Amino acid sequence: MAYILAFSLSFMTSNTDIISLVEDYHQIKTKEAELNFIHKHGKSEDPSVLAYVVSLSMKQAEYSYNPYRKLQIFNANRKRLNQLIEQNADNINLRYVRLVAQENAPGFLGYNDFINEDKIFLSKKLSIKDSTDYLDPYIKANTSL
C-alpha cells in the first residue's frame, strides 16, 4: 500500500514539475534564458523534459552566422527529436514541440514530413480530458490546430 501511495505522489510531483517546466519554457525571451534552460534541464532522462531542451537546442541555429553551421545544428536536433519520438511515440510534449518546429521551420529545410501525423495525434489528445490538459492552451495558441 505504501508503494502505491509513493508511486502516486511521485506521479503527481512529476506532473506538477512538467507543468512548471512548460510554463517556464513559454516565458523564455532571450538567448541567455534559452541557454540557461538547456543547461539546467539538458541532463534529464525524461522525454517530456528533453522535448523542450531539444526544441531550444534546435533554435540555437538562428544565432549562428555560418549557414553551414546553422543547418548542422538544426539537423542534429531534428534527428534527436525524431529519435525521441520513435522511442516515445505517445508523448504529447514531444509531438507538440515537433509540430511547432515543423510549422515554423523555413520551407527549404524540408522539415514537414510529420505535420499531418502530429496534428492527428494532438487533435485526439485535445478531444479527451486527461492528465495532459495543461498543454491544451499551448497547443491551440502555438500550432495550426
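1. A contact here means that heavy atoms lie within 4.5 Å. On that basis, residues 24 or more positions apart account for 55% of the contacts in the protein chain with a separation of 6 or more. The structure is a predicted model, in which local features need pLDDT of at least 70 and side-chain atom pairs count only at pLDDT 80 or more, while totals for chains, interfaces and linings use all residues. Residues are numbered from 1 along each chain as its sequence is written, and side-chain values use heavy atoms, with hydrogens and water left out.

2. Helices (H or I, at least four residues) and strands (E, at least two) are DSSP runs numbered from the N terminus. The protein chain contains seven helices and zero strands, giving the pattern α-α-α-α-α-α-α along the sequence. Its radius of gyration is 16 Å, close to the 15 Å from the globule rule for 145 residues, so the chain is as compact as a globular protein of that length. The radius is taken over C-alpha atoms, and the rule is 2.2 Å times the number of residues to the power 0.38. Along the principal axes, the C-alpha atoms fill a box of roughly 55 × 30 × 25 Å.

3. Concerning exposure, a residue is buried under 20% relative accessible area, exposed over 50%, and partly exposed in between (1.4 Å probe, protein chains only). Buried residues make up 39% of the 145 residues. The accessible surface of the chain, from the Shrake-Rupley method with a 1.4 Å probe, comes to about 8900 Å², and 56% of it belongs to carbon and sulfur atoms.

4. Charges are counted with Lys and Arg as positive and Asp and Glu as negative, leaving out His and the chain ends. Each is placed at NZ of Lys, CZ of Arg, CG of Asp or CD of Glu. The mean positions of the 17 positive and 17 negative charges are 5 Å apart.

5. Side chains of opposite charge can pair when their charged atoms come close. A salt bridge is a side-chain nitrogen of Lys or Arg within 4 Å of a carboxyl oxygen of Asp or Glu, and the count by this rule is eight. In one of them, Arg95 pairs with Asp118, with the closest N and O atoms 3.1 Å apart. This pair links distant parts of the chain, since Arg95 is in helix H5 (residues 92–104) and Asp118 in helix H6 (residues 115–126), 23 residues apart. Both Arg95 and Asp118 are buried.

6. A salt bridge also joins Glu117 and Arg98, at 3.6 Å from N to O. Glu117 lies in helix H6 and Arg98 in helix H5, so this pair ties together parts 19 residues apart in sequence. Glu117 is partly exposed at 39% relative accessible area, whereas Arg98 is buried at 2%.

7. Lys129 and Asp133 form a further salt bridge (3.8 Å, N to O). Lys129 is exposed, with a relative accessible area of 79%, and Asp133 is partly exposed at 23%. Salt bridges that share partners join Arg95, Arg98, Glu117 and Asp118 into one network.

8. Leu81 belongs to helix H4 (residues 67–87) and is buried, at 0% relative accessibility. Apart from neighbours within four places in sequence, Leu81 is in contact with Val54, Met58, Leu94, Val97, Arg98 and Tyr111. Its C-alpha atom is 7.0 Å from that of Ala51, 30 residues away along the chain.
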